[in-house]
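I set out to record, entry by entry, what I looked up in this structure.

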Amino acid sequence: MSFIPGQPVTAVVQRIEIRKLRQGEHLILGFSIGGGIDQDPGQNPFSEDKSDKGIYVTRVTPEGPAEVAGLMMGDKVMQVNGWDMTMVTHDQARKRLTKKNEDVVRLLVTRKSLEQAVKHSMM
Amino acid sequence: MDTESTYSGYSYYSGRSRGSHRHGERSRDHHKSRSKDGSRSEKSVTINAPPAEPLLGDSSVLGEEVQDDNWGETTTAVTGTSEHSLSQEDIVRITKDLEDSVGLDCRRYFSLTLAVVLGLLVFLTPLAFLALPHLLWPDKLLVCGTACEGLFISVAFKLLILLLAVWALFFRAPRAGLPRVFVFRALLAVLVLLFVVSYWLFYGVRIMDSQDENYQGIVQYAVSLVDALLFIHYLAIVLLELRQLQPAFSVCVTRSTDGETRHYNLGQLSIQRAALAIIENYYRDFSVHNPALLTASKSRAAKHLAGLKVYNVDGPGNNAATGLAHSQSRAMIAAAARRRDTNHNELYYEEAEHERRVRKRKARLVVAVEEAFTHVKRMQEDEQQQQKKAPGDVMDPREAAQAIFPSMARSLQKYLRTTRQQHCHSMESIQQHLAFCITNNMTPKAFLESYLTPGPTLQYGRERWLARQWTLVSEASVTSGLKEGAIFLLKCIDFSLVVTAKRIPYIQLSEEFIDPKSHKFVLRLQSETSV
């Protein structure tokens, strides 16, 4: 999950499709995000590289739509519905995830265990 | 000889039993240690004569204890030494005092007369230059005009200023006698002498011989002499006073007996002047030298040496002399290492016990002194008229001190005994200090401060100062300047001060400019949003 400036970012990602749940008049996904290019990357407990300003999943509510879909705490969100999440501000990320006219969000997330799984399967 | 030591121990103990049981406990310790030594010497008595050291050590300690017990306590019968015995140190001190007083005075008077003669010469020379033409060839002289008379005033005032300046710089009571001549002063004296002599020479040859009539020229010559003398005085100020003000060396002064160390910053001085500055600071900064505090380590060292004796069983002439010495020393060291040494254990418990005892006695002392101070109160002026106190009740400070002293005397004496300071304070000095504290409205804590912590040497009586017995021991010449790494010793009778000099480092200071507008801050956030 480290990146070299100027080079395209490569990562092993998992596709996760979350159906939003209607609670009253809000559509919730059931997780919390942290990070962004306007935030302090050093305080992110989940990132390997402490200068990584990407969006990370900090909490997953149990039995929520995100957990059902397979999202785990500590995942880094790379794309939401095709929109890039690696270089966005915190607020932009929130907006992309909470569009009122979308019922389903398709995330591309990456985590460390994915890379290791790929490595193991290749050996 | 062995029985002698135990006998003296018993007599000491029996005499002391009249005191409180605390004394008994201390003498029991003494008795215990002495009997230990006695038993050790007993072991060696079967082979050889017992070692002389522990016995001598004991009797000197005994002598000290009896000598110090000269007030407030009943004295006991003495076995070996008498109360008026002089130790070797006292004899050395007295003879040195006698020698020094005679030698120093001679040198001081010699330099004093030289200085007076030179001063008179310097002051009278311009006046002589002005007066001699009037005396020797008055008829040939041209009349002195107004400019010339103006120069008279100038000479007069410059001489007055020179007089005041010389008085300020040189007419001070000498504060020390240094071993070698003070180089800068000697150089300046020689310079002044040469200068005046050369002026006289010129005057004698060119003016007196030719009997010059131009009086104004002569007066201007005298004025130039006085000007040059003022400049030499300026040179004297710079060389003698100003040059050493800027600190250039940092000296580390360590006392050899207990390792107390201080650091001072000195300028560029000769070794003897640096030694003088250090000694003056010693009297102010170092705590007073107390030989009674060193007996513990000396007795430990004596016990170490007394424990082993090496015997050559092969008979004489078997080994070469050096081989014998080597084998002996190696055998002693090996035996000392093998012996299961519990000295550290003893030291630890002894020190803990001593600490506890000191604190206990200090607590008793503080309480006694506070109680004593509550009994005396300053009388107000109107009290005498209102209550009409009898004149017998009204006391001056000395009488008040004498009145409250007995209630604290015992605990104070016990405390001083425990901290081994009893020979530094006499009863008279304690009463004087008490009267002083009462007069100046000091609290009991202020009164006790000078007894709880050992103060600088100047705080105690003159007999502790030993100001006339310093010896400077140095490998380099004492008139040479301080250098990086210079080491010299200042020996007093009981101890010496080891002085090491180091140059103060050259400091390179650089500058960094901060624009006041450059102080800007951003917030570092890490917010979490739930979606």
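How many residues of chain B are in contact with chain A, and how many of chain A with chain B? I found 8 residues of chain B in contact with 18 residues of chain A, where contact means heavy atoms within 4.5 Å.

**Entry 1: the model.** I noted that this is a predicted model, in which local features need pLDDT of at least 70 and side-chain atom pairs count only at pLDDT 80 or more, while totals for chains, interfaces and linings use all residues. Residues are numbered from 1 along each chain as its sequence is written, chains are lettered from A and ligands numbered from 1 in the order in which they are written, and side-chain values use heavy atoms, with hydrogens and water left out.

**Entry 2: the interface.** I looked up the buried area, which is the accessible area (1.4 Å probe) that two parts lose on being put together, summed over both. Between chain B and chain A it is about 1,100 Å², and carbon and sulfur atoms give 45% of this. B:Q526, B:T529 and B:V531 supply 57% of the area that chain B buries against chain A, more than any other three residues.

I then searched for salt bridges (a side-chain nitrogen of Lys or Arg within 4 Å of a carboxyl oxygen of Asp or Glu). The count between chain B and chain A is 1; B:E528 and A:R59 form a salt bridge through their side chains, at 3.5 Å from N to O.

**Entry 3: strands across the interface.** Helices (H or I, at least four residues) and strands (E, at least two) are DSSP runs, numbered from the N terminus, and two strands pair if DSSP finds at least two bridges between them. I found that strand β4 (residues 31-35) of chain A pairs with strand β6 (residues 528-530) of chain B, antiparallel, over 3 bridges. Within this pairing, A:S32 has B:S530 as its bridge partner.

**Entry 4: a covered strand in chain A.** Is strand β8 (residues 104-110) of chain A mostly covered or mostly open? I found 6 of its 7 residues buried, so I recorded the strand as mostly covered, buried being under 20% relative accessible area, exposed over 50%, and partly exposed in between (1.4 Å probe, protein chains only). Strand β1 (residues 13-19) of chain A runs antiparallel to β8(A) and is joined to it by 7 bridges; A:Q14 is bridged to A:V109. Strand β6 (residues 76-80) of chain A also pairs with β8(A) in the antiparallel sense, over 4 bridges, with A:T110 as the bridge partner of A:K76.

**Entry 5: chain B as a whole.** I counted 15 helices and 6 strands in chain B. Of its 531 residues, 30% count as buried.

**Entry 6: salt bridges within chains.** A search over all chains gave 15 salt bridges. In chain A, the side chains of A:D91 and A:K95 meet at 3.7 Å, N to O. These residues are separated by about one helical turn because they are 4 residues apart in helix α2 (residues 90-97) of chain A.

In chain B, the side chains of B:K158 and B:D227 form a salt bridge at 2.6 Å, N to O. This pair links distant parts of the chain, 69 residues apart: B:K158 lies in helix α5 (residues 146-170) and B:D227 in helix α7 (residues 215-242) of chain B. I recorded both as partly exposed, B:K158 at 22% relative accessibility and B:D227 at 25%.
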